[in-house]
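Work through the exercises below with the sequence and the structure open beside you, and try each task before you read its solution.

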Amino acid sequence: MSTGSGADSAPAPTSTHESKPGGTFSSLKIRNYRLFATGAVISNTGTWMSRITQDWLVLSLTGSATAVGITTALQFLPMLLFGLYGGVIADRLPKRKLLLVSQAALGLCGIALAVLTLSGVVQVWHVYLIAFLLGMVTVVDNPARQSFVSEMVGPAQLRNAVSLNSANFQSARLIGPAVAGVLITTVGSGWAFMFNGLSFAAPLVGLMLMRTSELHKATVVPRAKGQLREGLRYVSGRPELIWPIVLVGFVGTFGFNFPIWLTAFADEIFHGGAGMYSFFNILMAAGSLAGALLAARRRSSRLRMLVAAGTAFGLLEIVAALSPSVWLFAILLVPIGMIGLTTNISANTSVQMAADPAMRGRVMSLYMMVFAGGTPVGAPVIGWVSDAYGVRTGMVVGGAFSLVAALGVGFMLARVGGLRLKVDLRPGRPHVRFVPREELATAA
């Protein structure tokens, strides 16, 4: 990738930091990635402040969990409608230049919502509109940002960098809700939105300070007809890509509707208000951060880890939904955050590592389309179920979808890989595991 002449033709860096992965924070030894991560943690903090404030503002304006679901849906609807085109654009254009434009646009959206709120004229349709505009920018920003990581760190550090990106996001999630809760109750929602808008200056500065000569050579795909269909055919013919994407699609659509559930549990079930909602988000973020740091230490991402994490995530959501006390519910949010993040990272790294560099933008746009783009379908449905039958029922439904999807994908991957379930009750042996059919036949 280049911002000037000659950068695209520069050879990939060969420093020992990039060629020898190891350690939880090994990617941070790379200067360009340090700049990227520093800017991201600031803007991510603002983003989490805005998300918490936006959900609470909509609930305050309407008193409806369905309205919160509609807001979330509008923010992710563009990803569902146009996500694949965003991947085509990300494959065609220099990603650093693309990110400079998209990050500036995200900052302007945040400032616009701040001005409306601080002036006292904000209405729910204003929030709906800005949520949709944010989604339109994210269509391009997401695949460009996801695939730009490999240009900064190279293939040897890609898995570690993806995990650290998630750790970065979850660290901000620890700070953002806490600050948002204080601002909402003291000076009002508008200042949380303003901080979010201004926070995008940090990644813009980081992108401008990067040394383009140290970026790994980008594969820029020339404009041609049929590139969207080509990407879909590429993914559909590879089980190692299609089934992780299917699983995160179900989990993202039905299992990650926490803005709906946590606002309703804090307000209707446990009667705690904005402070309790922020506290719930902090607990989930703590678990997610732990999951991201553990993932950063792993040298590989196995598909069986993805299936196991998806199964456990669905089960924990069902148990949490039925929790009789606020403390049990709160405690369960920590492992839910940890395992939910493990599911996401396992799928993300598996897909990125398996994708050809020339296809990575389109593959990651499809990944993000089904993970985030399913929200416009899932959020209103889950919001309606939560309003009509209670938030506990809504969360049980979301967990059940995630559980069934994980078990179904596990079955399909085992079938494609020629594996069968083996049960061995002898002491000192794994009691349940998948083995090749040949091994099972020999043992029989």
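**Exercise 1: two helices in contact**

Task: Determine how helix 3 and helix 9 are oriented towards each other, and which residues bring them together.

Solution: Helix 3 (residues 65-92) packs against helix 9 (residues 227-236) at an angle of about 105°, and their axes are 10 Å apart. Here helices are DSSP runs (H or I, at least four residues) numbered from the N terminus, while axes are lines fitted to C-alpha atoms over the stretch in contact, with angles running from 0 to 180 degrees between N-to-C directions. Because angles of 65 to 115 degrees count as roughly perpendicular, helix 3 is roughly perpendicular to helix 9. Next, look for contacts, meaning heavy atoms within 4.5 Å: L84, Y85, V88 and R92 in helix 3 meet Q227, L228 and L232 in helix 9. Finally, sort these residues by type, where Ala, Val, Leu, Ile, Met, Phe, Trp, Tyr, Cys and Pro count as nonpolar, Asp, Glu, Lys and Arg as charged, and the others, Gly among them, as polar; the result is 5 nonpolar, 1 polar and 1 charged.

The model is predicted, so local features need pLDDT of at least 70 and side-chain atom pairs count only at pLDDT 80 or more, whereas totals for chains, interfaces and linings use all residues. Residues are numbered from 1 along each chain as its sequence is written, and side-chain values use heavy atoms, with hydrogens and water left out.

**Exercise 2: the nonpolar cores**

Task: Find which residues have the most contacts inside the largest nonpolar core.

Solution: A nonpolar core is a set of buried Ala, Val, Leu, Ile, Met, Phe, Trp, Tyr and Cys residues joined through side-chain atoms within 4.5 Å, and buried means under 20% relative accessible area (1.4 Å probe, protein chains only). The largest such core has 84 residues, and F280, F329 and M395 have the most contacts inside it. Leaving out residues up to four places away in sequence, F280 touches L262, F265, A266, F270, V326, F329, A330 and L333. A second, separate core of 22 residues includes V140, V149, L158 and M210.

**Exercise 3: an aromatic pair**

Task: Decide whether the rings of F254 and F401 are stacked or edge-to-face.

Solution: Rings of Phe, Tyr and Trp (its six-membered ring) pair if their centres lie within 6.5 Å, and planes under 30 degrees apart count as stacked, over 60 as edge-to-face and the rest as tilted. The whole structure holds 16 aromatic pairs. The ring centres of F254 and F401 are 4.0 Å apart and their planes meet at 15°, so this pair is stacked. F254 lies in helix 10 (residues 239-255) and F401 in helix 17 (residues 391-416), 147 residues apart.

Key:
Parallel < 35°, antiparallel > 145°, perpendicular 65-115°, else oblique. Buried < 20%, exposed > 50% of the residue type's maximum accessible area, 1.4 Å probe, protein only.
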